[in-house]
Amino acid sequence: MSTFQQLPNRGIQLQERPPRLEVRVRNYETFLLSELFKRNGREERVQTATPPGYSYRQDASRQALSVDASGPIMQVAAHPGDGPDFFYATYLKIASNTQYRNSYHEVVLTDGEGGVDGWHPERTRQVRRKEAYAGAEIVGSRLHFLSYPDGGLSSLAPREQTRLVRTLAQKLGEIQPAILVVHPPKQDHPDHAQSFLLAIAALEFHAQAGGRAPTLLIHDVEFGLQQRSLWTPHEPDPRTETDSMHVPGLLVDVTSTHQDAQHALQKHQTQMVDPVLGQPKLYVDLIDTLAQLRGLQLMTEDVTRLPRGQGFSHIVIPGITNEQNLLRQRLPAGSIYQLAKVR
Ligand SMILES: [Zn+2]
């Protein structure tokens, strides 16, 4: 259930005209931000998610038809739940554009066997793989489990690491994705940060082998929050300490697909409700909270319901990734909102 639905008195009536609507939207944004910060044990210093002087503007431009945007979509994820958390809603939106033949390969580096405290890892592995297949069925993704150790990606022996990079390069060679989605490099979860580096290394091999350079996208950071721990590994330093929201380069309007993605996420039952304690997991609803916040950031005046959004940034590494953002072609027209300076 969304926070919006749980709070009827604090909800906004979207039929109203500005400026009252604008004020209520802003208040609701502050409320969502406060939820994200408080629930993560952080100080609520942030009032608006879009930096002053910027806004997300609908990108109606289409690239020249000569650009070949066809081809599979691939994701490199550290854990079974990462696809539903960060990308499923956007993939479903891509899949709704039937102008292209759509396919989605989810390469999952670990089986998430460390995901249930109190269970033997082998039991967790079996259950989480089943959950992942049930979720993948909803979005039509093809899962590739590589079964490296959950929680151990950043401490692999050099030989194992090389083997993993080679396997990823092989997957890239087989799949030849048009778009590759990876974890952002700045995150508190070491498996996520390491997955980014492994994917970049694999892309280099892929390019050397003459493979197609995909559009590289990093998805939003967890809960949309900049992770302080990476920047302040020792003593807190006021120069580097940051509490800010992450600012994605683009937002995708996933209003029409968010519910189905949530439905797929619910299939990861061990991550929704702790099977040992029988209690809901602490952060589950924050995926929806962030989608609402990203929705408010891309919201236009003429909407009739609260939109949902998902954030990404396009990363260009010359010679290795595509400088064109093929998401523009693959999504239905008008679904992308690009971060732009307003003054
Ligand atoms: Zn993860």
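Leaving aside its neighbours within four places in sequence, with which residues is Thr 321 in contact? I began the notebook with that residue, and I found Thr 321 in contact with Leu 203, Ala 213, Pro 214, Thr 215, Leu 216, Ile 315 and Val 316, where contact is taken to be C-beta atoms, placed from the backbone, lying within 7 Å.

**Entry: the model itself.** I note that this is a predicted model, in which local features need pLDDT of at least 70 and side-chain atom pairs count only at pLDDT 80 or more, while totals for chains, interfaces and linings use all residues. Residues are numbered from 1 along each chain as its sequence is written.

**Entry: the surroundings of Thr 321.** I placed Thr 321 in the loop between strand E10 (309-315) and helix H12 (327-330); helices (H or I, at least four residues) and strands (E, at least two) are DSSP runs, numbered from the N terminus. Thr 321 has 20 C-beta neighbours inside 10 Å and therefore counts as buried, the scale being buried at 20 or more other C-beta atoms within 10 Å of the residue's own, exposed at 12 or fewer, and partly exposed in between, with C-beta atoms placed from the backbone. I also looked up Leu 217, which is 104 residues from Thr 321 along the chain, and found their C-alpha atoms separated by 9.8 Å.

**Entry: strand E10.** Five of the seven residues of E10 are buried, so I recorded this strand as largely enclosed by the rest of the structure. Strand E6 (residues 215-219) is joined to E10 by four bridges and runs antiparallel to it, and in that pairing Leu 217 has His 314 of E10 as its bridge partner. Strand E7 (residues 250-253) is likewise antiparallel to E10, with four bridges between them, and there the bridge partner of Leu 250 is Phe 312.

**Entry: the sheet.** Which order do the nine strands of the open sheet follow? I read it as E1-E11-E7-E10-E6-E5-E2-E3-E4, with mixed pairing, two strands being paired if DSSP finds at least two bridges between them. Strand E1 (54-58) and strand E4 (141-148) are the edge strands, each having a single partner strand, so one side of each is left without a neighbour in the sheet. On average, neighbouring strands of this sheet are turned by 30° against each other, direction ignored. Strand E2 (residues 73-77) and strand E5 (residues 179-182) run parallel and are joined by four bridges, with Ile 73 opposite Ile 179 in E5.

**Entry: helices across the sheet.** I found helix H6 (residues 158-175) lying across E2, strand E3 (104-110) and E4, at about 165° to E4; axes are lines fitted to C-alpha atoms, for helices over the stretch in contact, and angles run from 0 to 180 degrees between N-to-C directions. Helix H7 (residues 190-208) lies across E2, E3 and E5, and runs at about 150° to E5.

**Entry: helix H9 and its partners.** Helix H4 (residues 88-95) packs against helix H9 (residues 258-266) at an angle of about 130°, with the axes 8 Å apart. That angle makes H4 oblique to H9, since angles under 35 degrees count as roughly parallel, over 145 as roughly antiparallel, 65 to 115 as roughly perpendicular and the rest as oblique. I listed Tyr 88, Ala 89 and Leu 92 in H4 as meeting His 258, Asp 260, Ala 261 and Ala 264 in H9.

Helix H5 (residues 121-139) also packs against H9, at about 165° and with the axes 8 Å apart, which means that H5 is roughly antiparallel to H9. Gly 135, Ile 138 and Val 139 of H5 make this contact with Asp 260, His 263, Ala 264 and Leu 265 of H9.

**Entry: helices H2 and H11.** How closely do the axes of helix H2 (residues 20-39) and helix H11 (residues 286-298) come, and at what angle do they cross? I found that they come within 10 Å and cross at roughly 145°. Among the residues in this contact are Val 25, Tyr 28 and Leu 32 of H2, and Leu 286, Leu 290 and Leu 293 of H11.

**Entry: the whole chain.** Of the contacts in the chain between residues at least 6 apart in sequence, 78% join residues at least 24 apart.

How values were computed. Two residues are in contact if their C-beta atoms, placed from the backbone, lie within 7 Å.
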